Number of protein chains: 2
Amino acid sequence: MGADLGLLIGKMSNSTLATSEYDSVVNMNIFVALLCACIVIGHLLEESRWMNESITALVIGLCTGAIILLTSGGTNSHLFVFSEDLFFIYLLPPIIFNAGFQVKKKQFFRNFMTIVLFGAVGTAISFTIISFGAINIFKRMNVGSLDLGDFLAIGAILSATDSVCTLQVLNQDETPLLYSLVFGEGVVNDATSVVIFNAVQNFDLSRITTSEAFNLIGNFFYLFVTSTFLGVGAGLLSAYVIKRLYFGRHSTDREVAIMILMAYLSYMLAELFYLSGILTVFFCGIVMSHYTWHNVTEKSRVTTKHAFATLSFISELFIFLYVGMDALDIEKWSFVQDSPGKSVGVSSILLGLVMVGRACFVFPLSYLSNLTKNRHEKITGAQQVLIWWAGLMRGAVSMALAYNQFTRSGHTKLRGNAIMITSTITVVLFSTVVFGLMTKPLVRLLLPPSKNMSRMASSEPTSPKSFIVPLLGNGRDPEAELIQNGSALCPSSLRVLLSTPSHTVHYYWRKFDDAIMRPVFGGRGFVPYFPGTPTEQSDHNLIPKEDNN
Amino acid sequence: MGADLGLLIGKMSNSTLATSEYDSVVNMNIFVALLCACIVIGHLLEESRWMNESITALVIGLCTGAIILLTSGGTNSHLFVFSEDLFFIYLLPPIIFNAGFQVKKKQFFRNFMTIVLFGAVGTAISFTIISFGAINIFKRMNVGSLDLGDFLAIGAILSATDSVCTLQVLNQDETPLLYSLVFGEGVVNDATSVVIFNAVQNFDLSRITTSEAFNLIGNFFYLFVTSTFLGVGAGLLSAYVIKRLYFGRHSTDREVAIMILMAYLSYMLAELFYLSGILTVFFCGIVMSHYTWHNVTEKSRVTTKHAFATLSFISELFIFLYVGMDALDIEKWSFVQDSPGKSVGVSSILLGLVMVGRACFVFPLSYLSNLTKNRHEKITGAQQVLIWWAGLMRGAVSMALAYNQFTRSGHTKLRGNAIMITSTITVVLFSTVVFGLMTKPLVRLLLPPSKNMSRMASSEPTSPKSFIVPLLGNGRDPEAELIQNGSALCPSSLRVLLSTPSHTVHYYWRKFDDAIMRPVFGGRGFVPYFPGTPTEQSDHNLIPKEDNN
C-alpha cells in the first residue's frame, strides 16, 4: 500500500527533519514499551498492599528519566516535551468519562449536596488559604520576581484535588462513601477553578463587595448547571438516537462508535462554550450508563464497559509514566542547583499549605454536612481524616497548570518561575508517592474490615432499607418495592419519607424516570412497557445480575 | 480539578495563540459532529445496494468543504492541514491490524502464493507501466517542471491498491476469494513500495543489470520476511505473556491494554527498523487472533473483537471524511484554474494508466497462478475482471504520498506540482466514488448469487473436504478429523495429500501447531492438553461457535 514510502520520502527528502522524525519514532517505541512494562510489573505487584499501578508507573518514569539523563550526559531527561493539549484534549476526557460511566450512581447522588459543598466552598477556602499563605511567606523569602497573579495561580493550581490519583488509591467497592465524596469533589471543583480563575482576572480580590461575592456564587451555579445540562443532554441524545435508529438491529461497531464520539463531543462542546468539560463528560458518562448502555446489544455492552475502562487505564498509566519522566527535566532544576535549601523550603511550605488548606474545609464542612443528616449517615471522625488525607494528592493536572503558568512552550528563563515549577514537581511527586502509598494502609487502620463493613453498611442500600422496610411491611428489596408498589404506597408512610429527603427525591426521581424518561430514552426499566419486542426482551434476559446503580 | 483553568490560562495569557487554539476547538467540534452524522447517515443508507459508508463520508466531506469554502469567501476549505503523521502513525495501524485480526486465515493462506505474486510482481509491473507512460506522455504536454524522480514517484504513488477502500467495497463473507486476493495484495505491496522507493533512490533504473535485479528481488524478500517475523514475534510474545502471567485471573483491562500496546509496538518497531509496518501489524493481528485471543477471558474476547473493529471503523470514516474535505483545497486548484482542460487531461491519462497498469498484471498473473491449481481452485474470467476492477481504487494513502512528494508542509508554489496534486485528488475521488459505487453491482452481475455461492463453495472449506473426505472415509468436519486423527491417518492417503500441496502444508502446520506452538502460546486447541484447568475449560465452553480460521 506504499505507506512506508511516505515515511521514507519524508525521511530522505529532508535530512534535517529526518533526524528529529526518526528520534520521535525511537521515543514512541521506548514509551510504548515502558507502558507494557508498567502493566506487567503492576500485575506482578498486584498482591502488594502498598503499591498501586500509578506509583509503579511514576517510579518507572523516574528511573527512565534518570537513565536518559545519564546517557545523554545530563542534557535531557524526557522523551517528549510536556504538551498540555495532549493532556487536556486526549488523556483526561476518557478517564473522567469512564469514572462517570462506572460510578455507583445511587451512592453518588445520595451524597450529592456534600460533594457540591466540598467541591465549591471547600476549594474556595483552600484556594484562599494557599494563596494568602504563599503571598505572606514567599514575599519574605526572596524567591525571585513573582507578582500577585503568580501567587493566586499557585493557590488555584494547588487547591484542586487530582481525581486521577483518587481513582487509583480509593476503591469504589471497599470504601464507597469515601470514593464518591473525594472523587466527586474532584469533579465539581473543576467548575470552581474556572470561576476562581475568572474572578482573579476580572475582580479586585483585595476589596471584594457583597454584590461581587454574590456575582461569583451566581457564576459558579451558572457554570455548574450549564455544564451538567450539556453532559446530560449529550447522553440523552445518544440514548435516543441509538434507541430510535438501531432498535433491534445489531450494528455493534456503529453503536460503540457513536457512544465514544458523542461523549467526546460533549467534552469538546463544553470547551467551546468555556464551560467545565470535566463536569460535562462526567455527567454524560452517568447518563450513558443509565440509558444508552441499556439500549445497545449485549456485545456492545460488554465491549463499551471494558473498552472504556481500558482506555481510561492506558491514559492513567500514560500520565503517571509521563509525570515521572518529566520530573527530572534538567532545565528547571539547573536554576535551583545553587540554592537547594530554598527549593526544599518552598516545597515544604507549599505542602504544608496544601495540608492546612484542606484541613480548614474538610472538618468544618463535614460538621455542617452532619447537621443535616441522621445518625446512620453521619461522616465519622475517622472518615473525615481519610477524606482529608486521600484528597491531599496533587497530580498531573497540577503539573500541567504549573507548566502553563510558569513556562513559555516548556521553557523558562526566570529563577522565580523555575523555583515554582520544581516546587510543584516536588509537591506532586511527594504527595502522590507518600500519601498514595499511605492511603491503603491508613484505610485499613482507621476503618478495620469489620468496622469498615459496618461503615459501608451505614452508607449502602441496607441503610435506606432500615427506614423503608418497616413502612413497607416486608423484607423484600426496597428499591424494587418502590418501583412496583410506588403508587400503592400507604399514605401514612409519606411523613416518614418526607423526613428523609434524599430518599424522597430518589422515590420521585424513580417515578419520573419510569413514567417519562424510560419510555423515551430506554434504559433498564424500559423493557416491561414494550413486552412485544423480542430483541430487547432477549437482551434484557441476557444480563444475569443488575449492577448496583 | 482545574482542568479548564489550564485552557483558560492558555487562552488569556496569549491572545494571538488564543484565537488559533479556539479555532482548533471549533474545528474539532465540527469534525466529531460530522463523524457522528456519517455514522447515522451510513446506517440509514445501509439497505442501499449502491452506497457504502466510505462514499457517504467522502460526500459529506466534500459538502462540508464546499460550505467552508463559501462561508470563508473562497479562502479556505479544510478544518485541519493534512498531516501525514496523523495518517501513518495513528489512523492506518488500527485499520490494518483489525484486518489481520478479523481475516479468514485459512482462505488467506490458501491463496498466499497468488497474493504475494500479485503484491510483489504485479505492483512492480504496474509501477513500470504508469511511470514510463507518465514520462512519455507528460513530457509532451508541458505540465511544468517535473524531473525523473517526480515521474517515478507518480508511478509509485498510483501503483498501489488502497486496502482501506478494498475493505469497504468487498465483503469477506460474500466474496472471500476476491477479498483475500485484493486485500492481501494491498498489504503485500507495501513491502514492494519500500523496495521500489529504495531502488529509485539508489539504482540507475534506465540501465539495470541482472545482478541489480536480483539485488532488488533479494531486498524484497528480506523486507517481506523480516517484517513478517517481527509481526509474528510480537503476536507470539503477547500470547506467551498473557498465558504465562494472567492465566486463570480476570484482569480484563490489562489483557486488552497489553494486546493494543503490543500490536502498536510492532508497527512502531517496524518503522524504527525501516521495515514495512503494514505487513508487520497485519501479521501481528493474524497471530494475535490465532493465539492471544484464545488466552484471554471471555469478556476480553468480546471486547477486543468489537473494540478493534470500532477503532478501525472510526479511523476509516475519519480518513474518508478528511479526504473529501481536503479535496477542495483552494490553494492547489487556483494554479490550474487557467488551464482546466490540461488538468482534466492529466487526470484522465493517469486514470487510464492505472487501469492499463493493473490489467497488465492481473490477467497474466492469474493465468500463471491457474497453471499451478486444480480445476476447482482456478480463478475464473469473471473473478479476474472483478480483481482488476476492485483494485483500481486509489485512496487516502495515495493522497498522503502525493502531498508528501509535491508539497512542503502542505503548501506548493510550483505549477507542475499543483497539477500533480489536483490530478491525484481527481483520480482518488473518481476512482473511490465511481469504481466504489460500481463494485457491489458488478459483483452481483458477474457472480450472481447462485453462481456466486458455487464460486464460494469452490474456494471454501467444502472444497478441501472433497479431497479429504474420501481419504478419511467419513463425512465429519475435515479439520477436526485432521486434528483428532492426524497421527492415525492411513499411509495410503499420503500420496493424495502430497498431490494437493496447500492442503499438505496446512496438515503439517496443524501438526506443528498442536505439538509445539499451542502448548507454549495457547490458542484454540490449547485446552485439551491441560484438562485440569477449570478457568480455561469454562472459558472454552463459553464459545458457542468456532469461527472459520
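In this predicted model, A:Tyr274 is found in the loop that runs between helix H11 (252–272) and helix H12 (277–295) of chain A. The backbone of A:Tyr274 has a positive phi of about 55 degrees, although the residue is not a glycine. Most residues other than glycine have a negative phi. With a relative accessibility of 39%, A:Tyr274 counts as partly exposed. In chain B, the loop between H11 and H12 holds B:Tyr274, for which a positive phi of about 55 degrees is likewise computed although B:Tyr274 is not a glycine. B:Tyr274 counts as partly exposed, its relative accessibility being 39%.

The crossing of H11(B) and H12(B) is right-handed. On the side of H11(B), the contact is formed by B:Met259, B:Met262, B:Ala263, B:Ser266, B:Tyr267, B:Ala270 and B:Glu271, whereas H12(B) contributes B:Gly277, B:Ile278, B:Thr280, B:Val281, B:Cys284, B:Met288, B:Thr292 and B:Trp293. Divided by class, the residues of this contact between H11(B) and H12(B) comprise 10 nonpolar, four polar and one charged.

The largest nonpolar core of the model has 263 residues, and those with the most contacts inside it are A:Phe87, A:Leu321, B:Phe87, B:Phe282 and B:Leu321. For B:Phe282, when residues up to four places away in sequence are not counted, the residues touched are B:Ile96, B:Ala99, B:Gly100, B:Phe108, B:Phe183 and B:Val187.

At the level of the whole chain, chain A has 24 helices and zero strands. Of the 549 residues in chain A, 59% are buried, and among the contacts in chain A with a separation of 6 or more, 81% are accounted for by residues 24 or more positions apart. Within helix H10 (residues 210–245) of chain A lies A:Asn219, which counts as partly exposed because its relative accessibility is 31%, a value between the 20% and 50% limits of that class. The C-alpha atoms of A:Asn219 and A:Ile242 are 35 Å apart in space, while the two residues are 23 residues apart in sequence.

Helix H16 (residues 381–390) of chain A is mostly covered, with eight of its 10 residues buried. The buried residues of H16(A) are A:Ala382, A:Gln383, A:Gln384, A:Leu386, A:Ile387, A:Trp388, A:Trp389 and A:Ala390. H16(A) packs with helix H18 (residues 415–446) of chain A at an angle of about 170 degrees, the axes of the two helices being 10 Å apart, and this angle makes H16(A) roughly antiparallel to H18(A). From H16(A), the contact draws on A:Ala382, A:Val385, A:Leu386, A:Trp389 and A:Ala390, and from H18(A) on A:Phe435, A:Met438, A:Thr439, A:Leu442, A:Val443 and A:Leu446. The residues of the contact of H16(A) with H18(A) are divided into 10 nonpolar, one polar and no charged.

H18(A) also packs with helix H3 (residues 53–71) of chain A, here at an angle of about 140 degrees and with the axes 10 Å apart. H3(A) and H18(A) are therefore oblique to each other, and their crossing is left-handed. This contact is made by A:Ile55, A:Leu58 and A:Leu62 of H3(A) together with A:Leu429, A:Thr432, A:Val433, A:Gly436 and A:Leu437 of H18(A). By class, six nonpolar, two polar and no charged residues take part in the contact of H3(A) with H18(A).

In chain B, helix H18 (residues 415–446) contains B:Thr439, which counts as buried because its relative accessibility is 1%. Leaving aside neighbours within four places in sequence, B:Thr439 is in contact with B:Val169, B:Leu170, B:Trp389 and B:Ala390.

Methods: Residues numbered from 1 in each chain as written. Chains lettered and ligands numbered in written order. Predicted model: local features only at pLDDT ≥ 70, side-chain atom pairs only at ≥ 80, totals over all residues. Heavy atoms only, no water. Core = buried A, V, L, I, M, F, W, Y, C linked by side-chain atoms within 4.5 Å. Buried < 20%, exposed > 50% of the residue type's maximum accessible area, 1.4 Å probe, protein only. Contact = heavy atoms within 4.5 Å. Left-handed = near helix turned anticlockwise from the far one by under 90°. Helix = DSSP H or I, 4+ residues; strand = E, 2+ residues; numbered from the N terminus. Nonpolar A, V, L, I, M, F, W, Y, C, P; charged D, E, K, R; others polar. Axes fitted to C-alpha atoms, helices over the stretch in contact; angles between N-to-C directions. Parallel < 35°, antiparallel > 145°, perpendicular 65-115°, else oblique.
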